[in-house]
Amino acid sequence: MSSDLTTHRGHCHCRTVTWEIQAPTKLHIDECNCSICNLNGFQHIIVPKSKFTLLSGKDNITTYTFNSHIAQHYFCKTCGIESFYVPRSNPDGYSINFRCLERDNVEEYEIVPFDGLNWDTNAQKLAHLSKD
């Protein structure tokens, strides 16, 4: 998709946790079938940490980890929504939930299935997404 970056904003349901990312207007979204993504409907836009800015709600975030404890899942303490997290596949970046992204600057998007159930075979396919 496009390499021209623009500012996208997003938030949790109650808008206590807000953030912005620098990403293309044409987005590639990975839809993972692993246990946690499948249950919560997370659709991934992975960006480098340098392209993510938390705007509000830092003190209203709680963290959940499991298994390897590399992934850091961040939830709003008020509404419970996980709008972003640090993924195990890209600990040097953030995964943004496309469902929490304001669509004002989205020109087009493509949702691509990602087989997270077979993590060991497929995780390396995401590693490049968090590189500047």
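Hi everyone. A residue is called buried under 20% relative accessible area, exposed over 50%, and partly exposed in between. Keep that in mind, because K26, at 27%, is then partly exposed. One more word before we start: this is a predicted model.

Let's begin with strand β2, residues 18-24. Of its 7 residues, 6 are buried. On one side, β2 runs antiparallel to strand β1, residues 5-11, with 7 bridges joining the two. To find your place there, look for L5, whose bridge partner in β2 is P24. Strand β2 also pairs with β5, residues 52-56, again in the antiparallel sense, over 4 bridges. There, I21 has F52 as its bridge partner.

Now for the charged side chains. How many salt bridges does a search of the whole structure find? The count is 6, and I'd like to show you three of them.

E20 pairs with R9, with the closest N and O atoms 3.2 Å apart. This pair links β2 to β1, across 11 residues of the chain. E20 counts as buried at 17%, while R9 is partly exposed at 43%.

Next, please find R15, in the hairpin of β1 and β2, where it takes a positive phi near 65 degrees. R15 forms a salt bridge with E102 at 3.6 Å. Because R15 sits in the loop between β1 and β2 and E102 in the loop between β9 and β10, the pair ties together parts 87 residues apart in sequence.

Finally, back to K26: its side chain meets that of E107 in a salt bridge of 3.5 Å, N to O. K26 belongs to strand β3 and E107 to the loop between β9 and β10, so parts 81 residues apart in sequence are tied together. E107 itself is exposed, at 55%.

Terms used. Residues numbered from 1 in each chain as written. Predicted model: local features only at pLDDT ≥ 70, side-chain atom pairs only at ≥ 80, totals over all residues. Heavy atoms only, no water. Buried < 20%, exposed > 50% of the residue type's maximum accessible area, 1.4 Å probe, protein only. Pairing = 2+ DSSP bridges. Salt bridge = Lys/Arg side-chain N within 4 Å of Asp/Glu carboxyl O.
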